[in-house]
Amino acid sequence: MKNIYSVLQGPCLTEKAALLQEVGGKVVFKVNPKANKIEVKKAVELMFDVKVKDVKTVSMRGKKKRVGKTVGFTSDWKKAYVTLSEGTINFADEL
């Protein structure tokens, strides 16, 4: 991945992510499934002007969904747990 703006797809705003941000200093992002940890770290540091300590990634499988008789699956996606060493990211201010 060459472009840092194609690595991060957005924040993952869930209750678990909010708790991790308050207690552990971690931020959760939805990222491109082809992105690796090094690219995620560079993208977060450049876009939000913070220091990243650690990145952990998880590949999430799509869920089975049904509309009437038709059965399908949502797309697979990837999320990254980013531990910050310096600085904070507040998504309420960024929006």
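User: Which strand is T83 found in?
Analyst: T83 is in strand β6, residues 77–86. Keep in mind that this is a predicted model.

User: Is T83 buried or exposed?
Analyst: Buried. Its relative accessible area is 15%, and buried means under 20%.

User: What does T83 touch?
Analyst: Leaving out residues up to four places away in sequence, T83 touches G25, K26, V52, K53 and D54.

User: On to the largest nonpolar core. Which residues touch the most other members?
Analyst: F29, V40, V44, V82, L84 and I89, out of 17 residues in that core. The elements giving two or more residues to this core are β2 (26–31), α2 (37–48), β3 (51–60) and β6.

User: And I89, what does that touch?
Analyst: Q21, V27, F29, V44, F48, V50 and L84, again not counting residues up to four places away in sequence.

User: Now α2. Which of its residues are buried?
Analyst: E39, V40, A43 and V44. They cover an arc of only 130° around the axis, so they sit on the same side of α2.

User: What do those buried residues pack against?
Analyst: The buried residues of α2 pack against β1 (8–11), β2, β3 and β6.

User: Which residues are exposed on the other side of α2?
Analyst: I38, K42 and L46.

User: What span should α2 have?
Analyst: Its twelve residues, at 1.5 Å a residue, should span 16 Å. The end C-alpha atoms are 16 Å apart, which agrees.

User: Last topic, rings. What lies over the face of W77?
Analyst: K30, at 5.1 Å from the ring centre.

User: How many aromatic pairs?
Analyst: The count comes to one.

Technical notes:
Residues are numbered from 1 along each chain as its sequence is written. This is a predicted model: local features need pLDDT of at least 70, side-chain atom pairs count only at pLDDT 80 or more; totals for chains, interfaces and linings use all residues. Side-chain values use heavy atoms; hydrogens and water are left out. Helices (H or I, at least four residues) and strands (E, at least two) are DSSP runs, numbered from the N terminus. Buried means under 20% relative accessible area, exposed over 50%, partly exposed in between (1.4 Å probe, protein chains only). Contact means heavy atoms within 4.5 Å. A nonpolar core is a set of buried Ala, Val, Leu, Ile, Met, Phe, Trp, Tyr and Cys residues joined through side-chain atoms within 4.5 Å. Rings of Phe, Tyr and Trp (its six-membered ring) pair if their centres lie within 6.5 Å; planes under 30 degrees apart count as stacked, over 60 as edge-to-face and the rest as tilted. A charge sits over a ring if NZ of Lys or CZ of Arg is within 6 Å of the ring centre and within 35 degrees of the ring normal. The expected span of a helix is 1.5 Å times one less than its number of residues. The arc is that of the directions from the helix axis to the C-beta atoms.
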